[in-house]
Amino acid sequence: MHTVTGLAVLSMELSSFYQLRTILILSPLQTPIKQSYFVKSWYNGDYKQIIDDALAAGVAPRTADAYAINGHLGDTYGCPNDTIFLMEVESENIYLLRIINAAMNEEQFFTITNHTLIVVAQDASYVRMFTTDYIMISPGQTMDVLVIADQNVGQYYMAIRPFSDSAAQPSDFITTGVFQYTNNEGGLNASLIPLPAMNDTDAMLNFINQIRYTNVSQNPTINVPADTDINRRLYITIATNTLPCNTSECVSDDRFAASLNNVSFVSPRIDILQAYYRNITGVFTQDFPFNPPVFYNFTGNLTDFNTVAGEGTRAIVVNYGDAVEMVLQTTRLGAGGSHPIHLHGFSFYWVGIGTGNFNNETDPSTYNLVDPPLINTVHSPAAGWVALRFFAKNPGVWYMHCHFERHNSWGMSTVLIVRNGSTTETSMRPPPSTMPRCPGT
């Protein structure tokens, strides 16, 4: 009989997954065995310098030389001096893995050979638990996964591999670690590592479509804006584009760029938070388009379509308490592909997903308004869309961006400004009197 402690969120529903093998008994008085995993990109060089050089030349930064689990490259790259990441476990114990994708530009599949993963949380919010052979995690996402050490004593591979549905493919490497039982008597179990292919969109969708909200005391009470609540609707296209390249380092007349609603974000010299609250003019404008400036077949053949974006520091502005619906539409401009979009300052309900161009008359009927997951980073699929809803009850200036570093650097971002409410409690706190000021402000 297994005992997991400290995760009251785990209910006896889990026993249905293991009714022939085990029963989980939960107690709030103890703590589970926790491990943190970082999956990362590995570059043989300074990544800041790599991306600075690419931006100056107007080209894409080179792909990662490898991927790492907790800083280790594993045994697949032929690196003689590298050590493989090893997690030692005791038979019959249950482990809580807190997995963070800290890669620069790659979503990642993750698995442990011969072991079932039980997903229990994403982005610091509990989800309805489900079992899976693998997870798919985007840059900037966090995921909590339980794994039971219930196999024959030995060593088993854990592994990561990128997922990509873009024409600009990352390096297709598998990075390994070892899930090792104490007192193991055998060598490494070399069974086939059950990782999907890098471009397996069905595996990606099969995984993310299982994520649902769970009504437990550790989660906030579910509060999905209803259709009648919505008073701010945004339809935002996501694209990679081009802009004129004007530096001496340019390799051509155009440089890579990226945009939201055809606006490629320009980072200001004075931060927008300070400019907004201190009424500093000329830093940004409050006219980010709530709809694409031009409607076209976003997911069709765009080979000969004009890909030039406009530049600007344009903010989305909403009132405190507004019920916001945001539909993110991925386009086939440039290399296309999926995008992990992150919004600072909020967790939002991911209420819908679909392929093709969003239809505002028929697609809302497919929304999940009953138990949508509460997350802060959403996977917007290639040639498809996702719909988000939330109440704007966190006053301030909040960055929204693609969590691929190259796209963020190219301008695939904006800011969401939530105006102060009518009370002190619903307003942004003023900066402390001792806060340093930027020169000239």
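**Salt bridges and a sheet**

A: R128 has a relative accessibility of 38%, so it counts as partly exposed. Keep in mind that this is a predicted model.

Q: Which side chain does R128 meet in a salt bridge?
A: That would be D371, at 2.4 Å from N to O. The two come from distant parts of the chain, 243 residues apart: R128 is in strand β9, and D371 is in the loop between β22 and β23.

Q: And is D371 buried or exposed?
A: D371 counts as buried, because its relative accessibility is 12% and the cut-off for buried is under 20%.

Q: How many salt bridges are there in total?
A: The count comes to 12. Another one joins R233 and E325, with the closest N and O atoms 3.4 Å apart. R233 sits in strand β15 and E325 in strand β20, 92 residues apart. Salt bridges with shared partners tie D227, R233, E325 and R389 into one network.

Q: Switching topic: what's the strand order in the open sheet of five strands?
A: The order is β19-β27-β26-β21-β24, and the pairing is mixed. β19 and β24 are at the edges with a single partner strand each, so one side of each has no neighbour in the sheet.

Q: How does β21 pair with β24?
A: They pair in the antiparallel sense, over four bridges. In β24, T377 is the bridge partner of H342.

Q: What does UniProt annotate here?
A: The unreviewed entry has "domain: Plastocyanin-like" covering residues 39–183 and 287–421. In this model, residues 39–183 are 8% helix and 46% strand, while residues 287–421 are 4% helix and 41% strand.

Definitions and conventions:
Residues are numbered from 1 along each chain as its sequence is written. This is a predicted model: local features need pLDDT of at least 70, side-chain atom pairs count only at pLDDT 80 or more; totals for chains, interfaces and linings use all residues. Side-chain values use heavy atoms; hydrogens and water are left out. Two strands pair if DSSP finds at least two bridges between them. UniProt positions are given in the numbering used here, feature names are shortened, and annotations may be inferred rather than shown by experiment. A salt bridge is a side-chain nitrogen of Lys or Arg within 4 Å of a carboxyl oxygen of Asp or Glu. Buried means under 20% relative accessible area, exposed over 50%, partly exposed in between (1.4 Å probe, protein chains only).
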